[in-house]
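I went through one model and kept short notes. The entries below follow the order in which I looked things up.

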Amino acid sequence: MAQPLLARLREQRPEIKVDVLAPEWVAPVARRMPEVDEVITTPFRHGALNLRRRWQLGRTLKGRRYRQAIVLPNSWKSALVPFFADIPLRSGYVGESRYGLLNLLYRRGDRAMREHYARLAEAPGAAPATPLPPARLRIDAAQAAATRARYGLQSGLQSGYAVLCPGAEYGPAKRWPYFAELAARLKRPVVLLGSQNDAPAAEGIGGRNLVGRTTLDEAIDIIAGAELVVSNDSGLMHVAAALGRPQVALYGSSSPQHTPPLSGAARVLWLHIECSPCYKRECPLGHFRCMKEMSVEMVLNEARSLA
């Protein structure tokens with residue numbers, strides 16, 4: 001979602017160096033972005049303040065003499081490292097009342113996330129020029145082939161595979177319940193991908209279950225060779241979009257108007273149930289119609305349209 005911002009910064013100022021400060025779990029994605037020069041990983045646990053460690057990291061980064069920091073998360077603590085690093089221009093959305101920590105402030109509007117982030121390349125109040133640059137990830141063909149060989153996978157028209165991503169980190173309201181039926185009806189080998197937290201969602205689906213067994217780098221290489229990707233609204237959905245893979249993206253409690261797959265090779269399924277999107281972790285009404293009424297045949301029809 002933030003990559004169009006990085007691309008727009010490169011368009012505006014080709015001479016700049018762009019480094020990304022990111023948690024280790026997402027760093028492999030940032031490293032594959034052609035706009036990024038270096039990825040610096042953070043040691044912080046999710047939700048933890050770690051004030052002393054943030055101060056230490058900030059003082060370490062001070063020696064790099066960055067001219068600007070653009071803070072993407074809305075939390076107060078996410079703005080601490082650039083402040084401790086004495087970076088002169090620190091920009092981002094007001095978020096959790098970050099006056100002082102940030103000194104170039106933006107007000108949030110009702111925009112899709114790619115436009116939301118891309119605005120940070122412009123002056124406050126200015127809209128980014130459209131169309132926005134696409135999301136794209138670099139693939140080393142030899143490395144990707146080695147990864148697929150390591151897991152006994154082949155790509156190609158005669159022996160290609162489909163990747164299914166049955167998990168979604170935010171909660172069960174984003175998880176389509178019929179992946180097992182879909183796997184049984186697909187006329188190609190099936191590979192399941194996701195993090196260790198997605199393991200319960202992958203149980204009983206069938207196919208080659210690699211959920212929790214690959215690194216994120218390996219998952220990216222495997223998705224790069226897929227003939228088809230079917231996923232919930234998740235991180236791997238965005239990876240598949242950035243790789244330009246044919247994909248069907250399934251939405252229930254969230255909205256494709258807010259976080260769409262940024263690819264012309266993607267098809268979105270969203271039933272527009274009157275209570276969707278609710279953005280809840282679990283269905284607050286108990287019926288889960290937004291996903292239960294999305295049939296396997298609907299998904300197959302969308303997949304066929306990609307052929």
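I began with Asp86, which counts as partly exposed at 42% relative accessibility (buried is under 20% relative accessible area, exposed over 50%, partly exposed in between, with a 1.4 Å probe and protein chains only). The model is predicted, so I note the limits: local features need pLDDT of at least 70, side-chain atom pairs count only at pLDDT 80 or more, and totals for chains, interfaces and linings use all residues. Residues are numbered from 1 along each chain as its sequence is written, and side-chain values use heavy atoms, with hydrogens and water left out.

I looked up Asp86 for its phi, which is positive, near 55°, in a residue other than glycine. Asp86 sits in the loop between helix H4 (80-84) and strand S4 (89-93); helices (H or I, at least four residues) and strands (E, at least two) are DSSP runs, numbered from the N terminus.

Ser97 is not a glycine either, and its phi is positive at about 50°. I found Ser97 in the loop between S4 and strand S5 (104-106). Ser97 is exposed, with a relative accessible area of 52%. Most residues other than glycine have a negative phi, and most peptide bonds are trans.

**Cis peptide bonds**

I noted a cis bond between Thr130 and Pro131, with omega about 0°. Pro131 belongs to the loop between helix H5 (113-118) and H6. Another cis bond joins Ser276 and Pro277, where omega is about 5°. Pro277 lies in the loop between strand S11 (266-270) and helix H11 (289-292).

**H6 against H9**

I then checked how helix H6 (residues 141-150) packs on helix H9 (residues 216-224): the angle is about 95° and the axes are 9 Å apart. Axes are lines fitted to C-alpha atoms, for helices over the stretch in contact, and angles run from 0 to 180 degrees between N-to-C directions. The pair is therefore roughly perpendicular (65 to 115 degrees).

On the H6 side I listed Gln143, Ala144, Thr147, Arg148 and Arg150, which meet Glu218, Asp221, Ile222 and Ala224 of H9 (contact means heavy atoms within 4.5 Å).

**Cysteines**

How many disulfides are there? I get 0, taking a disulfide as a pair of cysteine sulfur atoms within 2.5 Å. Cys165 is in none, and its nearest cysteine sulfur, that of Cys290, is 19 Å away. Cys165 is buried, at 2% relative accessibility. Cys283 is in no disulfide either; the nearest cysteine sulfur is that of Cys275, 6.2 Å away. I have Cys283 down as partly exposed, with a relative accessible area of 25%.

Conventions
Parallel < 35°, antiparallel > 145°, perpendicular 65-115°, else oblique.
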